[in-house]
Amino acid sequence: MNVMNQLRCFLTGIRDYVFPKIPLQRLRVGEDGSIECFGGGRKHWVLRSDSDVYTVRYKYFVKHPNVRGGRFSVTAPPSHYHLVQTETLSVISGVLGYMLDGVVRTAGPGETVTFKPFHTHGFWAEDSSGEDLLFDLT
């Protein structure tokens, strides 16, 4: 194992100790065919899944206690980057908060945000708008 792999394993161990993972919960399928997460704070539907494209529609309920808090809510994925994948988020309704390379911004209905490989990013439902967030992630 080279030095970088040893360092990565060491840092992952520290991260997992300081920030323990939440136990996995059973998937709950809604009456509308959605997969419900975070106690009903978020729903998602797989719109397309083939060898080239994977598209999921997400709905965040901003008044739900697990969604409140915007960037710091439990539903917001931590800042991360991808080695190969490009993510595109197309907002249908509500306000999407996002961070790209350390800069915090928002996007509204009709706007698209793209995260290219090696660019640190994160996103969340901007609950200050009071409107549920609906967007497609490809």
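**A close look**

Tutor: Pro117 is found in the loop between strand 8 (112-115) and strand 9 (121-125). Helices (H or I, at least four residues) and strands (E, at least two) are DSSP runs, numbered from the N terminus. This is a predicted model: local features need pLDDT of at least 70, side-chain atom pairs count only at pLDDT 80 or more, and totals for chains, interfaces and linings use all residues. Residues are numbered from 1 along each chain as its sequence is written, and side-chain values use heavy atoms, with hydrogens and water left out.

Pro117 counts as partly exposed because its relative accessible area is 24%. The classes are buried (under 20% relative accessible area), exposed (over 50%) and partly exposed in between, with a 1.4 Å probe and protein chains only. Its contacts (heavy atoms within 4.5 Å) come from one run of the chain. Leaving aside neighbours within four places in sequence, Pro117 is in contact with His82, Leu83, Val84, Gln85 and Thr86.

Now step to His121, in strand 9. His121 has 0% relative accessibility, so it counts as buried. Its side chain reaches the backbone oxygen of His119 at 2.9 Å. That is a polar contact: a pair of N or O atoms within 3.5 Å; within protein, one must be able to donate a hydrogen and the other to accept it, and residues adjacent in sequence count only if both atoms are side-chain atoms. Not counting residues up to four places away in sequence, His121 touches Pro78, Ser79, His80, Tyr81, His82, Glu87, Met99, Leu100 and Phe115.

UniProt, in an unreviewed entry, places "domain: Cupin type-2" at residues 77-127. UniProt positions use the numbering here, feature names are shortened, and annotations may be inferred rather than shown by experiment. The span is 51% strand and 0% helix, and its end C-alpha atoms lie 15 Å apart.

Next, go to Asp136. Its C-alpha atom is separated from that of Pro117 by 19 Å, at 19 residues along the chain. Asp136 forms a salt bridge with Arg57, the closest N and O atoms being 2.6 Å apart. A salt bridge is a side-chain nitrogen of Lys or Arg within 4 Å of a carboxyl oxygen of Asp or Glu. The pair links distant parts of the chain: Arg57 is in strand 4 (residues 54-60) and Asp136 in strand 10 (residues 133-137), 79 residues apart. Asp136 counts as buried, at 15% relative accessibility. Arg57 counts as partly exposed, at 27%.

A search of the whole structure finds 5 salt bridges. One of them joins the side chains of Lys43 and Asp32 (3.2 Å, N to O). Lys43 lies in strand 3 (residues 42-49) and Asp32 in the loop between strand 1 (28-29) and strand 2 (35-37), so the pair ties together parts that are 11 residues apart in sequence. Lys43 counts as buried at 17% relative accessibility, while Asp32 is partly exposed at 40%. Another pair is Arg48 and Asp50, with closest N and O atoms 2.8 Å apart. Arg48 is partly exposed, with a relative accessible area of 40%. Asp50 is partly exposed too, with 38%.
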